[in-house]
Amino acid sequence: MNQTVIDLLIDKEAICDCLYRISHGIDRRDEAVIRSSYWPNGKYTFGSSSYSVDEFSESVLRDSKSGHSTIHQITNVLIEFTGPAEAIVASYLSVLRGRSGKMGPFLFGQQTDVFQKRNGEWRIADRRVICDGRNEQVWIVD
């Protein structure tokens with residue numbers, strides 16, 4: 001295996017690590033982890049609403065103060081390098097949201113991220129999330 005392939009695999013693993021880290025940061029309401037996944041000038045777009053990293057982080061923390069919790073799952077990650085320091089990453093997202101022992105609604109959709117590598121580190125520069133559907137049922141968690 002040549003060094004180019006090894007470097008590519010290392011970059012892919014770093015990108016996947018960031019994808020999983022942001023999910024954990026949101027689910028644990030950990031502002032430092034959320035911010036460590038985005039570049040400071042990064043952008044988060046959900047449907048037609050767009051937010052700065054600061055606004056997005058604040059909304060996650062505000063949501064937790066109202067008693068909500070989430071479980072994020074990311075699957076089918078496809079990474080396409082557009083250059084040595086940029087990649088377009090497509091993945092599927094499912095989110096379970098809960099409050100006071102009840103979980104729901106179940107959201108599922110797609111996210112497309114523009115990742116940039118700066119000073120040897122991969123982070124999200126731009127995230128776009130499209131909700132493909134919701135299940136309004138509520139499940140009781142024992």
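Q: What makes the segment that holds Asn 76 a strand?
A: Asn 76 has its place in strand 3 (residues 68–83); helices (H or I, at least four residues) and strands (E, at least two) are DSSP runs, numbered from the N terminus. This is a predicted model, in which local features need pLDDT of at least 70, side-chain atom pairs count only at pLDDT 80 or more, and totals for chains, interfaces and linings use all residues. Residues are numbered from 1 along each chain as its sequence is written, and side-chain values use heavy atoms, with hydrogens and water left out.

Q: Why is Asn 76 called exposed?
A: The relative accessible area of Asn 76 is 55%. Exposed means over 50%, buried under 20% and partly exposed in between (1.4 Å probe, protein chains only); Asn 76 therefore counts as exposed. Its phi is near 50 degrees, a positive value in a residue other than glycine.

Q: Why does Arg 29 count as buried?
A: Arg 29 counts as buried because its relative accessibility is 14%, against the limit of under 20%. Arg 29 lies in the loop between helix 1 (3–27) and helix 2 (31–37), and its phi, near 55 degrees, is positive although the residue is not glycine.

Q: How do you know which residues of the lining of the largest cavity are nonpolar, polar or charged?
A: Ala, Val, Leu, Ile, Met, Phe, Trp, Tyr, Cys and Pro count as nonpolar, Asp, Glu, Lys and Arg as charged, and the others, Gly among them, as polar. By these classes the lining has 8 nonpolar, 2 polar and no charged residues.
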